Amino acid sequence: MKKNFFYKKTINGENKKTFIFGIPFSYKKKTTDGYIDRRLFGLWKVKKKDWEKTYYFCAIPFLKKSFIKNRLQNLEKSFQNLAEKQLLMSQHLASAQQILRDFSVQQNKNMINIFLQQKNDTDLFILQNDHILFVFSKEIYLHDNFFIYNYFIRNDSIDKLYNFRILPETCDLYKEHIDAFKNKNVLLYKYSDRIGIIKKTTITYENDDLFIEEKFLGIENYEVDNGRKYTDIPKRKIISGITLMDYLKNETDEQQKRILKNFFDWLFATYQHPTEKDKLDGKLIDCNLGNVLVSEGKFHLIDQEFSVEYGISKDFCVWYALGIRCISSPYYEYFTELYGLNKISPDEPHPFWLENNGMKKAYALNQNLFNKYFTEAFLIPERN
């Protein structure tokens, strides 16, 4: 089979994979009662042999085509008046047709269709909503890397649809980024709304390695409020691993306790506060288990962009990792007793969730930055 930028691969004579630039784009798998067609960016279609079709976006079902048939069958049993049945039928059909039209419009915006039409290597693409912006080139799809493949999906904004487009070469965002893509091995920029400031993430490559760097834009307008700080994270190599939260899954109770004991022992020894024995370094303020990577048997902290100047207590660290209401781990009491710590209410607010007057001021002063990255203001050609 000849491989080019777009090709299909048949597996076991039935299942098929479609690849774009060497990266899987869709996977069609036959099952005993139909098939599953899974596509990049969260679009799925599941078809059963009884003609029932269900469409999913990011694992959330949004259209089930058998719904109309089943609804009409119920109506036929419930209503004898033909005119009333026809009215209800038309209403449901109109609703379903509108869903299909909306679905088609979204599909027409699908990124891959535009990729296939573009041949210019200097093109830059964006995915944008009101608090996230991705800027990238075709080069990103030439890297057969699990991290890159999942980066668009594994972000905190999949609940909002993105506006996808090619940047005009005359617009300000294109001019700001094109030289970096040409000369600095850049794969991706990501701009994230942090309430009053903006976090800029840069992913680059060197040989077969990927690197990530994070800095805050507009930070000069933020006055530290109650010790709460936002810190740039210097360039470092992206390592493969699994979060501690996922690592614990499918382990027995005793194994989970052993793993967590090793983690807290390492954490307390590595990030001890320099002057107070009951405190840890303030950059552990976001020490949830999803921000801990397990790689080759070692723990690594990631996403340490928040910190507090005064440090955090060990009580808080164990509570935020295990005891907060959204986690409610059964091991919280065990580890508070093991380390002789004080219990904290599961409803206790995180310090960064409380009102931040410094961030309010920064938001007012940084409006031009927010307009630049999260609106269409800088997408139009050659603004006056």
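A residue is called buried when its relative accessible area is under 20%, exposed when it is over 50%, and partly exposed in between. By this rule F370, at 8% relative accessibility, counts as buried. The model under discussion is a predicted one.

Y363 counts as partly exposed because its relative accessibility is 39%, whereas F370 is buried. In general, a pair of aromatic rings is described by the distance of the centres and the angle of the planes.

The structure holds 25 aromatic pairs. Another of them joins F216 and Y230, again in an edge-to-face arrangement, at 5.6 Å between centres and 75° between planes. F216 belongs to strand β13 (residues 209-217) and Y230 to strand β14 (residues 228-230), so this pair ties together parts that lie 14 residues apart in sequence. F216 has a relative accessibility of 5% and therefore counts as buried; Y230, at 14%, counts as buried too. Elsewhere, ring pairs link F263, F264, W266, F268, Y271, F299, Y334, F335 and Y339 into a cluster.

The next element to consider is a sheet. Three strands make up an open sheet in the order β16-β18-β19, with antiparallel pairing. Which strands stand at the edges of this sheet? They are β16 (242-243) and β19 (298-301); each has a single partner strand, so one side of each is left without a neighbour in the sheet. Strands of a sheet pair through backbone hydrogen bonds. Strand β18 (residues 292-295) is joined to β19 by 4 bridges, and V292 has L301 in β19 as its bridge partner.

Across β18 and β19 lies helix α7 (residues 253-270), which runs at about 55° to β19. Helix α7 also meets helix α8: their axes come within 12 Å and cross at roughly 145°, and the crossing is right-handed. On the α7 side the residues involved are L260, F264, L267 and F268, and on the α8 side they are K314, C317, V318, A321 and L322. By class, this contact comprises 8 nonpolar residues, no polar residues and 1 charged residue.

V318 lies in the helix, which spans residues 314-323, and counts as buried because its relative accessibility is 0%. Leaving aside its neighbours within four places in sequence, V318 is in contact with F264, F268, G323, Y332, F335, T336 and L341. F264, F268 and F335 are also members of the aromatic cluster described above. V318 and N288 are 30 residues apart in sequence, and their C-alpha atoms are 9.0 Å apart in space.

Notes. Residues are numbered from 1 along each chain as its sequence is written. This is a predicted model: local features need pLDDT of at least 70, side-chain atom pairs count only at pLDDT 80 or more; totals for chains, interfaces and linings use all residues. Side-chain values use heavy atoms; hydrogens and water are left out. Two strands pair if DSSP finds at least two bridges between them. Helices (H or I, at least four residues) and strands (E, at least two) are DSSP runs, numbered from the N terminus. Contact means heavy atoms within 4.5 Å. Axes are lines fitted to C-alpha atoms, for helices over the stretch in contact, and angles run from 0 to 180 degrees between N-to-C directions. Buried means under 20% relative accessible area, exposed over 50%, partly exposed in between (1.4 Å probe, protein chains only). A crossing is left-handed if the near helix is turned anticlockwise from the far one by less than a right angle, and right-handed if clockwise. Ala, Val, Leu, Ile, Met, Phe, Trp, Tyr, Cys and Pro count as nonpolar, Asp, Glu, Lys and Arg as charged, and the others, Gly among them, as polar. Rings of Phe, Tyr and Trp (its six-membered ring) pair if their centres lie within 6.5 Å; planes under 30 degrees apart count as stacked, over 60 as edge-to-face and the rest as tilted.
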